[in-house]
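Visitor: I'd like to learn how to read a protein model, starting with what its side chains are doing. Could you walk me through it?

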Amino acid sequence: MTRAAFGNMDDRVDVLAIGRSSIDLYGDQCGGRLEDMASFSKYIGGSPTNSAIGCARLGLHAALLTRVGNDHFGRFIREELAREGVDVRGVVEDPERLTALAVLGIRDRENFPLLFYRENCADMAITLADLEAAWMSPRAVLINGTHLSAQNVREVSLRAAQRVREEGGRVVFDIDYRPVLWGLTGRDMGENRFVANAEVTARLQGLLPLCDLIVGTEEEIHILGGATDSREALRAIRQASDALIVMKRGPLGCVAFDGPIPENIDDGIQSSGFPVEVFNVLGAGDAFMAGFLRGWLRDEPVARCCELANACGALVVSRHGCAPAMPSWAELDYFLSLEHRPVRLGEDRKLAHIHWATTRPRNYDELAVLAIDHRVQLEDIAKQAGETDLKRIAAFKDIALRALDRVAANDPRFGILLDGRYGGDALARAADRTYWIGRPIELPKSRPLAFEGSPDVAVELAEWPTNHVVKCLVTYDADDPATLRDEQERQLAILFVACRKTRHELLLEIIAPDDSQLDSRTIARAIRRIYEIGIYPDWWKLEPSRDSAAWREIEAAIRENDPFCRGVVLLGLAAPIPELIEAFRAAAPVPIIRGFAVGRTIFQEAARGWLENFIDDETAEILMAERFATLVDAWRTARQGGEGA
């Protein structure tokens, strides 16, 4: 949950992070050598970038000053930062250099092979002109140790520190020592955290007189203080700076010093860690920084800042990846409220769900979707028209996308449902738009539920772009015969896990069987049952009922089980437009309903005419656009309490 959730904040930037911004390629296989990893997950990375995202998720107004390449990865970083709510005015596109890259693996709880690809990379080319152009008078500047390793970026970091101090702000120093990035180890030793070096110590200490907060591990305190004895190093740092010093101690938590360094460093402000099973330590320090800043920039007591920081670090070490593992405020608040916390955090399903649901990109108060994912229905229309070349269905789906464009004009409040069987080309073209994109996974008309494509649904979804929302239609009633119900629920459970593992949102479409005894609680009971077995769809797609009591039951079922659910969209069932408009009027007062995803009502007439060669491409496009626009206007009018289209 990003800063947008905290409406009482002003527009001033809380923290401007400066420095590394890269692509992290994380090995998907754990427990082996990097040499033996076969596939990688792509995340945004770089210590200050991770911390900026962590700050934004905790409700701070975070900004980043960095450079990215004029390349696909650079665009990904900018888009991902914007989705996270990080201010990107300082993300400069470098036309001459590529975006930095890191390749990482998880071998065991102590070894994490790491390769940095940073030769002449974009983020090491930040200039004073970049700083001046993007300066936004933040409350604090976060300086990263790596960007003191070269003269040009060191000048930028020092000038940012000086300027924020001149304006009454504060300087935060994340020591973030990586010997390989200072040329002190072999290139294959990226995971090495400490090599003593007097020149590095001198460069790092040049920033100390400007610092208000210094954060580092014991090894980083050693390099900054120029000694391998922690107390001696801390005293050397204190001689050069009055800053609050926070020393991270891994699973032991941290200790902070806001005055003279005591004889026994345990006499500092102690904060215990959280006993959790470590899966991946990479990124934990960046999360620690974000958690500390969430408290410190709100003038919380140091002990409270440490508690927030330790909790953020504990959450991140239990997950794959750095930036995507950063907790939201809702998640952190829930974690700290637990009286009994599991050591294996991944086993807490509620915690996992809060993390997923509060870190999803983009919110939708309104969504109008053209559903053209139909396969069997369009095959039937084609056969009735005497059309033997079913490839023409794919061409018709391209026309439908153009019809959507006529109405939506790339507005992100619109979306399209397309299948891979006939809609592959249209899906590829839709990728360049800002639309919500859904894609069906169910085998048409299957009951019990079966999946299209690979027998292993996770293998199938692994080939889908992550912005494709997985749509699954299931004909389901909580009172179905036990054998049928159990089989369908097993399939839904498999699909839910696959969606989470492959980072896809899930839209679950529920249609009551023809023999169901329908009343105002039928669909709500089905929804409650699905939550009961541990499935939390991001979206629901439901029949357009005119029963206001049924909608109250449905909303209650969703709100009570998943307050983070994105909402409901109405399906069409080929109903005539006047009937849908009446259904819209009944549904519009229900806040959890976001809009509609309608297909045959919009495309059926155009499909028949076009496949029978009675109308041309443009006429089919206009006909679908007009029907779609009519429904959009009707929904918006109903939502506003008007009389309808």
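This is a predicted model: local features need pLDDT of at least 70, side-chain atom pairs count only at pLDDT 80 or more; totals for chains, interfaces and linings use all residues.

Visitor: Is arginine 406 buried, exposed or partly exposed?

Guide: Arginine 406 has a relative accessible area of 45%, so it's partly exposed.

Visitor: And what should I look for when charges are around?

Guide: Here's the general idea: side chains of opposite charge can pair when their charged atoms come close. In this structure there are 56 salt bridges.

Visitor: Which residue does arginine 406 pair with?

Guide: Arginine 406 forms a salt bridge with glutamate 621, at 2.6 Å from N to O. Arginine 406 sits in helix α13 and glutamate 621 in helix α21, so this pair ties together parts 215 residues apart in sequence.

Visitor: What other salt bridge does glutamate 621 form, and with which arginine?

Guide: Arginine 402 pairs with glutamate 621 as well, their closest N and O atoms being 3.2 Å apart. This pair also links distant parts of the chain, 219 residues apart: arginine 402 is in helix α13 (residues 391–408), and glutamate 621 is in helix α21 (residues 617–639). As for accessibility, glutamate 621 is buried at 10%, while arginine 402 is partly exposed at 34%.

Visitor: Where do glutamate 509 and lysine 471 lie?

Guide: Glutamate 509 and lysine 471 meet in a salt bridge at 3.7 Å, N to O. Glutamate 509 belongs to strand β18 (residues 506–511) and lysine 471 to strand β17 (residues 468–475), so the pair ties together parts 38 residues apart in sequence. Both glutamate 509 and lysine 471 are buried. They also belong to one network of salt bridges with shared partners, whose members include Asp373, Arg375 and Lys541.

Visitor: Now helices! How do I read one?

Guide: An α-helix has 3.6 residues a turn, so residues three or four places apart point the same way. Now take helix α16: its buried residues include Leu484, Gln488, Gln491, Leu492, Leu495 and Cys499.

Visitor: What do the buried residues of α16 pack against?

Guide: They pack against α15 (457–461), β17, β18 and α17 (522–532).

Visitor: What distance should α16 span?

Guide: At 1.5 Å a residue, the 21 residues of α16 (residues 482–502) should span 30 Å, and the end C-alpha atoms are 30 Å apart, so that agrees. Just after α16, arginine 503 takes a positive phi of about 65 degrees.

Note on methods. Residues are numbered from 1 along each chain as its sequence is written. Side-chain values use heavy atoms; hydrogens and water are left out. A salt bridge is a side-chain nitrogen of Lys or Arg within 4 Å of a carboxyl oxygen of Asp or Glu. Helices (H or I, at least four residues) and strands (E, at least two) are DSSP runs, numbered from the N terminus. Buried means under 20% relative accessible area, exposed over 50%, partly exposed in between (1.4 Å probe, protein chains only). The expected span of a helix is 1.5 Å times one less than its number of residues. Contact means heavy atoms within 4.5 Å.
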